[in-house]
Every structure is written in C-alpha cells, then in structure tokens.
Amino acid sequence: MDFLTNQNIVFYLLAYLVGSIPFGLILAKAFAGVDIKSQGSKSIGATNVLRVVKQTNPSLAKKLGIATVLLDALKGTLVLLVGIYYGVSSETLWAIAVLAVLGHCYSIYLGLEGGKGVATGLGVYIVLIPYSTLIGALVWIVCAKVLKISSLSSLLGLVAAVISAIFIYDDLGINSNVPMYLIAFIILYKHIPNIIRLIKGQESKVI
C-alpha cells in the first residue's frame, strides 16, 4: 500500500475521482427531479441539463446549466490548484489535467460513461494555458451566440485554444505538447456523434 503514500499517485487518484463526479446528473435530479441520463442526448453535461430541464422549467434550466458548467470546470481547476500549492511538478500537473477530463468523460460512478469534457477541459486549460483558454472561451461564446449549436461552438473554441497555445506557449513547461493534445483528442472523440450529425445537418440548436 506504499503507493498510496506517493504524492503523485494520490493526486492522480484524486483528479480522476473528483473529475468523475456527475454534477449535471446530481443537480438535475436534486432540483428538477429529472434523470438526464435517460432523456435528451443522455449526456451529463450542461447542454443536456439545459435541454431536458427546459421542457418543464425554463428559468430553472438556465440556472442549473450555468451551475453545471461552473462545477464541471472547477473539478479540474481545484485539484490543479491544490497540486500547485503542494509544489508538484509541471508534468504531474498535466497528468492531473488529463485524468480529470478522463474522469468526466468516463466516470467511475456511471460505469465509465460520462459527458463530453468541454467544461472540465476548460477548467484545466485555464490553469495551465490561461491566455489560450481565454481566446478559446471567447470564440466559444461568440460562436454560441451566432450559430446556436453547442457542440460546434465548443469544438471551435477548443481548436482556437489549442492552436493559439502552440504560438503563445513554447513547450508547456514539460518539453512536450502531448498532454494538451491528448485532452483535446478526448473531447473531440466524445463529440464524434455530434460531428456526424453536423455533417448530416442534423445537429440540434440550443435556443
């Protein structure tokens, strides 16, 4: 059991377990009495919370959607900030970031099912590549306002964040961009059904 006393291992487990907490599912059940895993897109993210709860309570839907985004983002942010406080290495911080996103997308509490990872990705990127994340968030917001398609806006914001990071940050402090790309890949992979619907012109809008 010595591995449980290793600081890095503790942070890796913490990142995955905290990242796995399905806040959207919890909030929708607690405050709206609905199971978002059985309705809408069946995702645990803010978009599905908004879509499902809006059917019965539009004003509550927006509040729960915002709360879900914030809490899903904080899952990654808080563990990283604790890691920074304890002085873990940059390599460990990026491993924490990847595991937090993996936890959200493949939650241990939901049989390895989960959300799309956008908000949690935002939460870890804002700590590790803040300037690029702000650029990506701006692109996300503008596209959401104009296009009103959540998945496309999220993906465009993600691409903007990653591309800008290549120019703004030399090597992420670890002589490699791989962890940043891995997080982006996980999010893109989880969006494959959305991408297929976008290509077919069948992706629904959030109005």
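User: Where is S151 found?

Analyst: S151 is in helix α8. This is a predicted model, so every position here is a predicted one.

User: Is S151 buried or exposed?

Analyst: Buried. Its relative accessible area is 6%, and the cut-off for buried is under 20%.

User: What does S151 touch, leaving out residues up to four places away in sequence?

Analyst: S151 touches H191, N194, L198 and E203.

User: Which other residues of α8 are buried?

Analyst: Besides S151, the buried residues of α8 are S153, S154, L155, G157, L158, A160, A161, V162, S164 and A165.

User: And which helices do the buried residues of α8 pack against?

Analyst: They pack against α6 (118–128), α7 (130–147), α9 (178–190) and α10 (192–200).

User: How far apart are the end C-alpha atoms of α8, and what span should it have?

Analyst: Helix α8 covers residues 150–168, which is 19 residues. At 1.5 Å a residue, α8 should span 27 Å. Its end C-alpha atoms are 26 Å apart, which agrees.

User: Switching to I129. Where is its place?

Analyst: I129 sits in the loop between α6 and α7.

User: Buried or exposed?

Analyst: I129 counts as buried, because its relative accessibility is 0%.

User: What is I129 in contact with, neighbours within four places aside?

Analyst: I129 is in contact with W94, A165, Y169, L172 and M180. A165 is also one of the buried residues of α8.

User: How far apart are I129 and Y169?

Analyst: In sequence, 40 residues. In space, I129 and Y169 are 7.7 Å apart, C-alpha to C-alpha.

User: What about L182, where is that?

Analyst: L182 is in helix α9. It counts as partly exposed, at 38% relative accessibility. The C-alpha atoms of L182 and V101 are separated by 9.9 Å. Along the chain, L182 and V101 are 81 residues apart.

User: New topic, helix packing. How are two packed helices described?

Analyst: By the angle between their axes and the distance between the axes.

User: OK, at what angle do α1 and α4 pack?

Analyst: Helix α1 (residues 7–19) packs with α4 at about 160°. Their axes are 9 Å apart. The two helices are therefore roughly antiparallel. α1 passes α4 in a right-handed crossing.

User: Which residues make that contact of α1 and α4?

Analyst: From α1, F11, L14, A15, V18 and G19. From α4, K75, V79, V82 and G83. The contact of α1 with α4 divides into six nonpolar, two polar and one charged residue.

User: And α2 with α4, what angle there?

Analyst: About 150°, with the axes 9 Å apart. Helix α2 is residues 23–32 and helix α4 is residues 58–85. α2 passes α4 in a right-handed crossing.

User: Which residues of α2 and α4 meet?

Analyst: F23, G24, L27, A28, F31 and A32 of α2 meet L60, L64, A67, T68, L71, D72 and K75 of α4. The residues of the contact of α2 with α4 divide into nine nonpolar, two polar and two charged.

User: T68 is in that list. Is T68 buried or exposed?

Analyst: T68 counts as buried, at 0% relative accessibility. T68 lies in helix α4.

User: What does T68 touch, not counting residues up to four places away in sequence?

Analyst: T68 touches G24, L27, I44, G45, A46 and V49. G24 and L27 are in α2.

User: What angle do α4 and α5 pack at?

Analyst: About 155°, with the axes 10 Å apart. α4 and α5 are therefore roughly antiparallel to each other. Their crossing is right-handed.

User: Which residues of α4 and α5 meet?

Analyst: D72, K75, G76, V79, L80, G83 and I84 of α4 meet L93, I96, A97, A100 and H104 of α5. The residues of the contact of α4 with α5 divide into seven nonpolar, three polar and two charged.

User: Last topic, the backbone. What is the phi of L112?

Analyst: Phi of L112 is about 70°, a positive value, although L112 is not a glycine. Most residues other than glycine have a negative phi.

User: Where is L112 found?

Analyst: In the loop between α5 (90–105) and α6. L112 is exposed, with a relative accessible area of 52%.

User: And what about phi of N175?

Analyst: Phi of N175 is near 60°, a positive value in a residue other than glycine. N175 lies in the loop between α8 and α9. N175 is exposed, with a relative accessible area of 68%.

Key: Residues are numbered from 1 along each chain as its sequence is written. This is a predicted model: local features need pLDDT of at least 70, side-chain atom pairs count only at pLDDT 80 or more; totals for chains, interfaces and linings use all residues. Side-chain values use heavy atoms; hydrogens and water are left out. Axes are lines fitted to C-alpha atoms, for helices over the stretch in contact, and angles run from 0 to 180 degrees between N-to-C directions. Helices (H or I, at least four residues) and strands (E, at least two) are DSSP runs, numbered from the N terminus. A crossing is left-handed if the near helix is turned anticlockwise from the far one by less than a right angle, and right-handed if clockwise. Contact means heavy atoms within 4.5 Å. Ala, Val, Leu, Ile, Met, Phe, Trp, Tyr, Cys and Pro count as nonpolar, Asp, Glu, Lys and Arg as charged, and the others, Gly among them, as polar. The expected span of a helix is 1.5 Å times one less than its number of residues. Buried means under 20% relative accessible area, exposed over 50%, partly exposed in between (1.4 Å probe, protein chains only). Angles under 35 degrees count as roughly parallel, over 145 as roughly antiparallel, 65 to 115 as roughly perpendicular and the rest as oblique.
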